[in-house]
Amino acid sequence: MASTTAGDLLPYAVFSFWIWISVLSTFLGLLVLKVLYNVSPLHPLHKYPGPLLWRASRLPASYHHATGDLYKHIARIHAQYGPSVRIAPDELSFTAPSAWPQIYNSRPQLPKSQFHFAPPDTSRRIPESMITASDREHTRLRRLAGPAFLNSGIAEVEPVLQHYSELLCAQLAVACREGSQNMVEWFLWALNDVIGQLALDQEFQCLEERRMHPWPSFLLSVLKQTAMLNQIRRFGISLKVLVPLMSKKMIEERENFLNTATMAVKQRLAREENEAEKGELIGDEKERGKKRPDIVGLMLREMKGGERLTEPEVTANSVLIVGGGAETTSTCLSATLYHLCKTPRVMQKLQDEIRQTFATSEDITIKATANLPYLKATIDESLRIFPVASYITPRMIPKGGHVIDGEMIPEGTYVSMGQWYMGRSERLFENPKEFRPERWLESESDIKGPAGLTVDEVLKPFSLGPRNCIGKLLALAEARLVTAKLLWHFDMELDGEQPTWVDDARFYVS
Ligand code: HEM
């Protein structure tokens with residue numbers, strides 16, 4: 001019988017040890033060469049300035065993207081190095097306003113980076129939503145979903161917005177007697193109630209119960225996880241490897257959420273069919289069976305060339321709207337209230353405008369608030385000083401290169417622009433740190449800032465081009481309505497100075 005001794009195995013162990021050392025040193029060698037190349041004059045982006053480490057490797061940008069404070073670092077890099085900077089070996093950030101249409105509204109479109117939103121559902125439970133869809137698919141989805149978000153659609157869903165903004169004020173009036181209130185939470189609750197009703201026909205009851213509903217809470221946590229997973233994917237590690245590493249709890253939560261969201265849309269669609277079958281309702285029946293207006297109904301109604309959104313497409317886009325439609329507007333409301341409280345002059349002027357215009361809270365409607373110039377200017381100024389999207393998803397330069405800000409950018413480069421650093425730039429705005437809605441008023445809006453441009457020309461908080469924010473009009477209508485109701489009902493002030501509120505902000509999507 002043959003037996004193997006430790007002595008016999010030694011040569012193999014030594015051999016495999018050396019194989020590993022060689023593989024590792026080759027890998028490290030290539031890595032060093034790549035880093036040296038990235039910072040060398042041979043690199044096609046070498047003329048764009050930026051910190052050495054950021055030009056050498058994607059690690060700093062990815063790390064700060066995953067931790068939500070990338071915007072602060074890009075702002076610092078622009079302040080130090082100028083309007084066009086290199087923030088990763090293959091990525092540039094621009095602040096020249098002329099670059100907006102060149103990046104986000106060029107024909108053909110520049111493809112969107114694949115590392116910013118949730119990658120396509122690998123299990124294909126639901127199809128891609130518009131935010132990740134390919135350009136061709138995206139055009140079809142926007143054509144069918146877009147009309148639901150126009151002013152006519154918003155007017156139809158106004159009763160829902162009215163109901164929840166009144167409920168917010170009523171609930172706050174009770175809560176205020178208990179002491180100071182965290183308005184960031186209250187805005188989140190209110191906006192989630194609105195969006196649950198509009199996009200999934202669900203009553204989340206956040207305001208009534210003074211808590212977040214598990215669905216939007218889950219979507220918020222997914223947003224943060226996705227930011228991290230996407231950055232890991234950047235280093236060539238596929239989702240197939242990453243998903244099994246997710247905890248059992250996370251996978252269960254995801255399954256659970258997708259099942260309940262699918263069921264909610266199914267029930268909503270069944271209601272639509274029942275109503276269609278019943279035909280015209282009359283009398284009491286009409287009152288009881290009255291349709292609740294919502295975005296699902298508006299999206300379903302839209303039929304173009306014999307085509308409408310399918311049930312799974314409605315589900316995918318409803319989930320997207322729940323994820324993107326509440327956090328955003330509630331953040332805008334929190335920032336508006338914070339800056340109003342910090343700037344008593346503006347608070348007083350706005351409160352005067354609102355209280356002198358409306359005799360009762362019921363008079364405050366979407367149409368009426370759209371006609372208040374100082375209110376409109378205040379929300380615009382809030383989006384300048386605290387834009388909800390700190391920067392817009394990078395686009396990729398296609399084959400053959402593309403001209404931006406007068407320079408030919410080589411193919412394969414990621415390019416982006418950011419509201420955060422543009423809105424706060426002294427090059428673009430007089431006293432950018434001052435919260436001054438007057439910059440947006442008609443009398444001043446033709447006044448050019450230091451760069452010779454009007455405010456509107458410099459900032460695009462909802463992005464621009466075919467992939468801009470579909471919810472822009474809804475978000476602005478909600479922000480004006482809720483701000484007007486709050487300031488009509490309440491006198492508000494900060495509980496303490498809250499000096500780090502702005503600095504503590506984190507942005508995980510862009
Ligand atoms: C103040 C509030 C909001 C801001 C500042 C904002 C901003 C943006 C921005 C900048 C984008 C482009 C994303 C990118 O390419 O990086 C976007 C896309 C989008 N937003 Fe908003 N948003 C707001 C509110 C809303 C609301 C209320 C909804 C829905 C009810 C919504 C739904 C969407 C959707 C579905 C997209 C993807 C559009 C597409 O890819 O065609 N947003 N938003």
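This is a predicted model: local features need pLDDT of at least 70, side-chain atom pairs count only at pLDDT 80 or more; totals for chains, interfaces and linings use all residues.
Q: Is Asp201 buried or exposed?
A: Asp201 is buried, because 20 other C-beta atoms lie within 10 Å and the cut-off for buried is 20 or more.

Q: Which loop holds Ser463, and what is its phi?
A: Ser463 belongs to the loop between helix 22 (455-458) and helix 23, and its phi is positive, about 65 degrees, although Ser463 is not a glycine. Ser463 is also buried, with 20 other C-beta atoms within 10 Å.

Q: Changing topic, what surrounds the ligand?
A: The ligand is surrounded by 24 residues, of which the closest are Gly325, Thr393, Cys469, Gly471 and Ala475. By class, that shell has 14 nonpolar, eight polar and two charged residues.

Q: Which helices supply at least two residues of that shell?
A: Helix 15 (311-325), helix 16 (327-342) and helix 23 (472-489) each do, and the largest share, four residues, comes from helix 15.

Q: On to the strands: in what order do they form the open sheet?
A: Four strands form that open sheet, in the order 1-2-6-3, and the pairing is mixed. Strand 1 and strand 3 (395-396) stand at the edges with a single partner strand each, so one side of each is left without a neighbour in the sheet.

Q: How do the pairs run, starting with strand 1 and strand 2?
A: Strand 1 and strand 2, the latter at residues 91-94, run antiparallel and are joined by four bridges; they form a hairpin with two residues between them. In that pairing Ser84 has Phe94 as its bridge partner, while Arg86 stands opposite Leu92.

Q: What about strand 6 and its two neighbours?
A: Strand 2 and strand 6 run parallel, joined by four bridges, and Ser93 has Ser416 as its bridge partner there. Strand 6, residues 414-417, pairs with strand 3 in the antiparallel sense over two bridges, with Arg395 opposite Val415.

Q: Which way do the residues of strand 2 point?
A: Glu91 and Ser93 point one way from strand 2, Leu92 and Phe94 point the other way, and all are buried. Strand 1, residues 84-88, is mostly covered as well, with five of its five residues buried.

Q: Back to helices: which residues of helix 3 are buried?
A: In helix 3, residues 59-67, Ala61, Ser62 and His65 are buried. They cover an arc of only 95 degrees around the axis, which puts them on the same side of helix 3.

Q: And what covers the buried residues of helix 3?
A: The cover includes helix 2 (52-56), helix 4 (70-81), strand 1, strand 2 and helix 10 (214-233). Helix 3 is followed by Gly68, which has a positive phi near 85 degrees.

Q: Where is Met408, and is it buried or exposed?
A: Met408 lies in strand 5, residues 407-409, and it is exposed, because 11 other C-beta atoms lie within 10 Å, whereas the cut-off for exposed is 12 or fewer. Leaving aside neighbours within four places in sequence, Met408 is in contact with Gly401 and Val403.

Q: Last one: what kind of peptide bond joins Arg107 and Pro108?
A: That bond is cis, with omega about -5 degrees, and Pro108 has its place in the loop between helix 5 (99-104) and helix 6 (135-145). Most peptide bonds are trans.

Conventions
Residues are numbered from 1 along each chain as its sequence is written. Two strands pair if DSSP finds at least two bridges between them. A residue is near a molecule or strand if its C-beta atom, placed from the backbone, lies within 6 Å of it. Ala, Val, Leu, Ile, Met, Phe, Trp, Tyr, Cys and Pro count as nonpolar, Asp, Glu, Lys and Arg as charged, and the others, Gly among them, as polar. The arc is that of the directions from the helix axis to the C-beta atoms. Two residues are in contact if their C-beta atoms, placed from the backbone, lie within 7 Å.
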